[in-house]
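Here are a few notes to read with the model open beside you.

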Amino acid sequence: MESIQGKHFSITDREGVNTVIYRINKTAKEYLNEYPKYTVERLLFTEELKGDLKRKTFFIDEPEIEEQLLFLSFGKERVVVNMGILEDDRIKISKKPVPVKFNTLYSESEVYKEFQYTPNLKRPISIIDPETTEEIKPTLYMDEKTNEVKGKCKLKPYKSYFAFEIRDKKD
């Protein structure tokens with residue numbers, strides 16, 4: 001029987017706030033010429049209601065010694081962005097700003113956003129519906145011209161989306 005090694009931690013959201021957390025992965029050196037330096041992976045979680053509060057337990061499979069995390073807390077018409085590190089069994093929230101590029105996407109017509117995947121099918125960009133905090137799942141396809149796996153997200157008209165990408169400070 002195969003077992004997965006991992007860690008977990010919990011946070012509590014107050015009423016009207018919905019937090020999602022992403023693991024930041026650094027691309028292997030041999031792929032840096034072709035792919036983005038960082039990719040993101042949304043952490044799975046379980047949720048337990050306690051009155052007006054929501055206790056969420058997040059899971060990280062096969063964690064590194066030190067994991068960089070991106071915390072996105074969605075509230076009414078705003079998103080709070082924090083960085084953190086999972087070190088041993090403790091979460092440390094960063095006090096310094098981190099180079100996260102984010103945007104609000106909105107269009108009055110149906111739009112497709114495309115982006116490239118790494119060989120292990122990780123992506124550099126995530127697009128989130130701020131009302132539900134669910135990711136917009138891309139449709140994968142093979143680009144015949146470049147021989148690369150790419151993703152395409154369909155965005156609905158008259159709806160706002162939150163998109164982000166992790167970059168180096170110089171970018």
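1. Residues are numbered from 1 along each chain as its sequence is written. This is a predicted model, where local features need pLDDT of at least 70, side-chain atom pairs count only at pLDDT 80 or more, and totals for chains, interfaces and linings use all residues, while side-chain values use heavy atoms, with hydrogens and water left out.

2. Take a look at E62, in the loop between β5 (53–61) and β6 (66–75). E62 is not a glycine, yet its phi is positive, about 45°. Most residues other than glycine have a negative phi. E62 counts as exposed because its relative accessibility is 56% (exposed is over 50% relative accessible area, buried under 20%, partly exposed in between, with a 1.4 Å probe and protein chains only).

3. T133 is another one to check: its phi is near 60°, a positive value in a residue other than glycine. You will find T133 in the loop between β11 (125–129) and β12 (134–135). With a relative accessible area of 3%, T133 is buried.

4. Which strand holds I60? I60 lies in β5, and it is buried because its relative accessible area is 1%.

5. Leaving aside neighbours within four places in sequence, I60 is in contact (heavy atoms within 4.5 Å) with Q5, G6, K7, F9, R23, L43, E67, L69 and L86. I60 and L86 are 26 residues apart along the chain, and their C-alpha atoms are separated by 9.7 Å.

How values were computed: Helix = DSSP H or I, 4+ residues; strand = E, 2+ residues; numbered from the N terminus.
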